[in-house]
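Hi,

Here is the structure I promised to pass on. Have a look at it first, and then read my notes below.

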Amino acid sequence: MKTKRFSAVSIIITAALSVLCALGAVALAAWLLLGSAGLSILQGVAAINTRFVGEYDAGEMADAALDAMVESLGDRWSYYMDAESYTATQQRRSNSYVGIGVTVVAEEGGLRVQSVTEGGPAEQAGVLAGELITAADGTDLPGDNAALGTSLIQGEEGTEVTLTVEDAQGVSRQVTVVRAQIQSDPVSYELLEGNVGYVALSNFYSGSAEIVEAAVEDLLKQGAESLLFDMRDNPGGYLSELLELLDYLLPEGDIFQSGDSSGPTKVTTSDADCVDVPMAVLVNGNTYSAAELFAAQLQESVGAYIVGEATYGKGYSQQVFELFGGRAINLSTKTYYTGSGVSLIGTGVTLDLEVILDEDAEEDNQLAAAAALLRE
């Protein structure tokens with residue numbers, strides 16, 4: 001009986017062929033999954049890693065590449081987060097975050113300070129509501145993306161950030177603020193004249209629906225005969241919080257639809273339990289996403305008044321995709337609609353009463369107009 005013998009050369013050739021076949025399979029899979037553009041990116045990374053003679057930071061290269069890819073989509077609601085920004089975003093969305101203690105909205109030139117947390121780092125450093133933050137540590141803040149702008153301000157607890165702040169007269173100054181842990185309450189409420197229950201909600205992040213429900217129950221016990229929800233400067237938040245709150249407030253019926261570019265595909269309904277009092281919602285140009293849909297659905301389901309200024313008209317929901325190294329991208333993945341299938345994209349909500357905020361008035365004229373409608 002003859003025994004076959006394999007030489008060292010044949011074994012090496014066989015191993016090499018196996019590796020080449022495996023690489024070929026990987027390349028084919030990458031081509032099918034990513035296409036030629038995706039392969040070009042991989043080729044570029046491989047060339048830099050193997051041939052570039054200078055020094056570079058692979059993490060910075062990945063951050064820059066991912067940021068540029070998402071930016072090229074041209075969608076203001078999609079953005080890239082490096083590890084530090086993603087951690088800060090997670091904290092902010094839990095209504096507990098490391099930051100400086102300000103609420104801001106994006107506008108041309110930077111971030112406008114809407115409110116300053118009492119006792120927080122920003123107040124201690126002298127930052128005032130109404131001022132404009134134009135830069136953080138020498139980096140100009142984007143005027144069209146509040147989330148990206150705030151990510152440049154937030155950082156590790158105990159670290160410093162130097163802000164360029166512009167006051168009402170347009171005079172700029174440098175302010176150094178020490179970041180700290182901030183526990184924020186997204187809800188404030190009170191009983192107004194005429195038994196109008198007023199509830200202001202700053203976001204739809206974790207726990208917001210439960211807190212609003214508790215506020216409404218307390219106002220009803222105090223004798224509230226109507227409810228006025230203030231969604232001005234509310235950037236939205238989690239769909240789960242929105243749907244929980246709509247289900248609590250509204251009678252049985254369709255309250256939300258989601259889908260893709262072809263139209264609605266999934267319908268969410270509420271049960272018969274509801275809060276049976278007249279309602280109104282205050283909105284403005286910084287009422288986005290879940291806050292816009294909240295107003296539109298209250299109007300659609302129970303005829304709630306919408307008072308204030310035209311909203312942006314957002315109709316895309318986003319999903320966060322976690323990446324290696326603690327990074328993440330926030331991408332628009334679905335369209336959403338009111339319960340009857342109405343999209344707010346490009347139109348915003350339908351105002352029952354347009355009232356432009358008079359910043360020089362002694363009282364909030366938008367709030368006064370909405371409360372008067374409810375008292376009538």
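What follows is a short tour of what turned up.

First, the ground rules. This is a predicted model, so local features need pLDDT of at least 70 and side-chain atom pairs count only at pLDDT 80 or more, while totals for chains, interfaces and linings use all residues. Residues are numbered from 1 along each chain as its sequence is written, and side-chain values use heavy atoms, with hydrogens and water left out.

**The overall picture**

The protein chain has nine helices and 19 strands; these are DSSP runs numbered from the N terminus, with helices being H or I of at least four residues and strands E of at least two. Of its 376 residues, 40% are buried. Buried means under 20% relative accessible area, exposed means over 50%, and partly exposed is in between (1.4 Å probe, protein chains only). The chain exposes about 20000 Å², with carbon and sulfur atoms supplying 53% of that; accessible areas come from the Shrake-Rupley method with a 1.4 Å probe, and for residues only the protein chains shown count as cover. Among contacts (heavy atoms within 4.5 Å) with a separation of 6 or more, 64% are between residues 24 or more positions apart.

**The cores**

The largest nonpolar core has 39 residues, and F204, F229, L249, F294 and L298 touch the most other members. A nonpolar core here is a set of buried Ala, Val, Leu, Ile, Met, Phe, Trp, Tyr and Cys residues joined through side-chain atoms within 4.5 Å. At least two residues of this core come from each of β11, α6, β12, α7, β13 (253-260), β15 (279-283) and α8, and α8 gives the largest share, seven residues. Another core lies apart from it, with 17 residues, including A122, V127, L141 and I153.

**Aromatic rings**

A search of the whole structure finds eight aromatic pairs. Rings of Phe, Tyr and Trp (its six-membered ring) pair if their centres lie within 6.5 Å; planes under 30 degrees apart count as stacked, over 60 as edge-to-face and the rest as tilted. One of the pairs is F52 with Y56: the ring centres are 5.9 Å apart and the planes sit at 70°, so this pair is edge-to-face. F52 is partly exposed at 46% relative accessibility, and Y56 is partly exposed too, at 35%.

F204 and F294 make a tilted pair, 6.0 Å centre to centre with 50° between the planes. F204 is in the loop between β11 (196-201) and α6 (208-222) while F294 is in helix α8, so the pair ties together parts that are 90 residues apart in sequence. Both are buried: F204 has 1% relative accessibility, and F294 has 0%. Not counting residues up to four places away in sequence, F204 has a list of contacts that includes M231, Y238, L242, L245, A290 and F294.

Ring pairs also link W77, Y288 and Y312 into a cluster. R76 lies over the face of W77, 4.6 Å from the ring centre, and the charged end of R76 sits over the ring of Y312, 4.8 Å from its centre. The rule for a charge over a ring is NZ of Lys or CZ of Arg within 6 Å of the ring centre and within 35 degrees of the ring normal.

**A few single residues**

E131 is in the loop between α4 (121-125) and β5 (132-136). Is E131 buried or exposed? At 6% relative accessibility, E131 counts as buried. Its side chain reaches the backbone nitrogen of L128 at 2.9 Å, and a polar contact of 2.9 Å joins the side chains of E131 and R173. A polar contact is a pair of N or O atoms within 3.5 Å; within protein, one must be able to donate a hydrogen and the other to accept it, and residues adjacent in sequence count only if both atoms are side-chain atoms.

D233 is not a glycine but has a positive phi of about 65°. D233 sits in the loop between β12 (226-230) and α7 (239-249). S289, in helix α8 (residues 289-302), also has a positive phi, near 55°, and is buried at 11%.

Finally, G155 lies in the loop between α5 (146-153) and β7 (160-166). G155 and A88 are 67 residues apart in sequence and 6.9 Å apart in space, C-alpha to C-alpha.

Cheers
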